[in-house]
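Let's take a walk through this model together, one stop at a time. Please keep the structure open beside you as you read.

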Amino acid sequence: MARRPADPLRRWNRLRTAVQFAFAALTNGYAAGFARGTIYKGPTKTICLPGLNCYSCPGALGACPIGAFQAVLADRNHWFAFYVAGFLMLVGACLGRLVCGWLCPFGLLQDLLYRIPLGKKRKTLPWDRWLRFLKYGVLIAFVIVLPLSVLDLVGQGQPWFCKWICPSGTLLGGIPLLALNEELRSVIGWLFTWKLFLLVVIITGSILMFRPFCRYICPLGAIYGLMNPVSLVRMRVSKSRCVGCGACQKACGLDIPVYKEPNSTDCIRCGKCVTVCPYNALKLDVTLKGKRRRGTRQEDADA
């Protein structure tokens, strides 16, 4: 069977990029914030957005779930973030890491950087298999353990991931606010220099490799990734059609053998593998676990 032409893949990529831009604009639509160098503080700021969308971004209309989770854990008057945990479980159970591939503003930035025709593009780093576990360490240490355990004199913790690592906060929040507020520039310390250095490293890495931050560091991706195998939106492999040709893995920026691991914890549901499969063996759709969809043969169940 002849392979599909490249046009469907280009159309799919354009659709995904359009959705990414639209969602980023919708959730960061407070234009006055960019003009005045202020942060929106309206009622929607108490609502979590699904992606890594910095609370301190001048245009952000909602809150980042990772930042909100840390803020509650670090507060001496609370011991658990029930709303945020419930939100993450709900979004993860419904969408999994589709959020990363379609709705995260920092994911969009990495996609755009990777398209820059500079340097030799890499699919993996040495020790890639082990480096992929790093994001779980960041989640446990910087998002949960440190905000709960490292306290000041009055028993208050800090949002360690936001303060020490988050490149989205530096790029979308820190830099715009500093550029528009002279008084903030006068108090820049070594911590911002460190985060700026980390941002430059991640941006450079994103030009040379597809989504290194998502792959190795992002704690939000770690949470959603754990939900990938059981989320409602799932990848399906038709066992009767798949011949194991590897076209899906070749197209995958994260180098996932989709025909073997259709619901890998690293998969961001970008859908490229679906469009390039020459045998129409892959589908990205809503699946109810344990129930056969109407018109679906038994041999076409999830691999």
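N280 sits in the loop between α16 and β2 (282-286); helices (H or I, at least four residues) and strands (E, at least two) are DSSP runs, numbered from the N terminus. This is a predicted model, in which local features need pLDDT of at least 70, side-chain atom pairs count only at pLDDT 80 or more, and totals for chains, interfaces and linings use all residues. Residues are numbered from 1 along each chain as its sequence is written, and side-chain values use heavy atoms, with hydrogens and water left out.

Most residues other than glycine have a negative phi. N280, though not a glycine, has a positive phi of about 55°. With a relative accessible area of 34%, N280 is partly exposed, where buried means under 20% relative accessible area, exposed over 50%, and partly exposed in between (1.4 Å probe, protein chains only). D255 also has a positive phi, near 60°. This residue lies in the loop between α15 (247-251) and α16 (272-276), and D255 is partly exposed at 28%.

Now turn to helix α10 (residues 167-180), whose 14 residues should span 20 Å at 1.5 Å a residue; the expected span is 1.5 Å times one less than the number of residues. Its end C-alpha atoms are 19 Å apart, which agrees. The buried residues of α10 include P167, G169, G174 and P176. Among the elements that cover the buried residues of α10 are α6 (105-114) and α12 (190-208), judged by contact, meaning heavy atoms within 4.5 Å.

Which element gives the largest share of the lining of the largest pocket? It is α10, with 7 residues. A pocket here is an open set of points on a 1 Å grid over the protein atoms alone, where a 1.4 Å probe fits, with protein on both sides within 12 Å along at least five of seven lines; lining residues have an atom within 4 Å of a point. Of the 29 residues lining the largest pocket, C54, S56, C162, G169 and K195 lie nearest its centre.

The second largest pocket is lined by 15 residues, and N13, Y114, R115, F210 and K272 are the closest to its centre. Helix α1 gives the most to this lining, with 5 residues.
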